[in-house]
Amino acid sequence: MKKFDLTILTISVLALALVILGVATSGGSGHSSATVATINGEKVTEQQLNDTMKEKYGEKTLTAMTSSILIEQEAKKTGTTVDEAQVQDQLKQLKAKLGSEDAYKTYLERRNYTEETLTTKLRELMLVQKLTAAYNKQHNTKLTPNDYVDELNKNAQIVISDPMLQKK
């Protein structure tokens, strides 16, 4: 896979994990005191874990989530779709490239993916490639998918209300 593919896949999975963690820990109040670990008698709460993850990965994760949402919005606006058969073909090509079912399982495990997560990411990557190609043709440019996503982000109205996630 290309550098763009692996970067987006990695960030997207991290984003998904943080979203799931956020939903699981919010419990309505947003201040969960449930213990997730105890180290020599000292407790680590879900809220502490969530805050630490947000502080460490939050900005990158939010950027990845924003990009994913913008790609979906642009695809909807332009009527751009990716055929499920093409996604499955890409998945088969990846499996063939990895060489065996065990290598494929290891690939998923190392990236903390499920096949469903990987399929979703492949679909998104194919979608951004289609959108970029259409944009380049329409505007007679040669943007890369990364440049195209950067343009989407620059032209979007994004309001970040959480101080921890605002750029410093």
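Is threonine 61 buried or exposed, and what is its relative accessible area? Threonine 61 is buried, with a relative accessible area of 2%. The legends below describe a predicted model, in which local features need pLDDT of at least 70 and side-chain atom pairs count only at pLDDT 80 or more, whereas totals for chains, interfaces and linings use all residues. Residues are numbered from 1 along each chain as its sequence is written, and side-chain values use heavy atoms, with hydrogens and water left out.

**View A. Threonine 61 in helix H2.** Threonine 61 belongs to helix H2, which spans residues 46-78. Helices (H or I, at least four residues) and strands (E, at least two) are DSSP runs, numbered from the N terminus. The term buried stands for under 20% relative accessible area, exposed for over 50%, and partly exposed for values in between (1.4 Å probe, protein chains only). Threonine 61 and leucine 165 are separated by 104 residues in sequence, and their C-alpha atoms are 9.5 Å apart in space.

**View B. The hairpin of strands E1 and E2.** Strand E1 (residues 35-39) pairs with strand E2 (residues 42-45) in the antiparallel sense, over 4 bridges; two strands pair if DSSP finds at least two bridges between them. Threonine 38 stands opposite lysine 43 in E2. Between the strands there are 2 residues, and asparagine 40 in this hairpin takes a positive phi near 50 degrees.

**View C. A salt bridge between arginine 123 and glutamate 84.** A salt bridge is counted where a side-chain nitrogen of Lys or Arg lies within 4 Å of a carboxyl oxygen of Asp or Glu; by this rule the count comes to 5. Side chains of opposite charge can pair when their charged atoms come close. The side chains of arginine 123 and glutamate 84 meet at 2.7 Å, N to O. This pair links distant parts of the chain, with arginine 123 in helix H5 (residues 115-139) and glutamate 84 in helix H3 (residues 84-98), 39 residues apart. Arginine 123 counts as partly exposed because its relative accessibility is 27%, and glutamate 84 is likewise partly exposed, at 36%.

**View D. A salt bridge between glutamate 115 and lysine 95.** The N to O distance in this pair is 3.6 Å. Glutamate 115 lies in helix H5 and lysine 95 in helix H3, 20 residues apart, so that the pair links distant parts of the chain. Glutamate 115 is partly exposed at 34% relative accessibility, and lysine 95 is partly exposed at 27%.

View E. Lysine 154 counts as exposed, at 62% relative accessibility, whereas glutamate 151 is partly exposed, at 25%.

**View F. The two sides of helix H4.** In H4 (residues 101-110), Tyr104, Tyr107 and Leu108 are buried. They cover an arc of only 95 degrees around the axis, and are therefore on the same side of H4; the arc is that of the directions from the helix axis to the C-beta atoms. Asp102, Glu109 and Arg110 are exposed on the other side. Asparagine 112, which follows H4, has a positive phi near 55 degrees.
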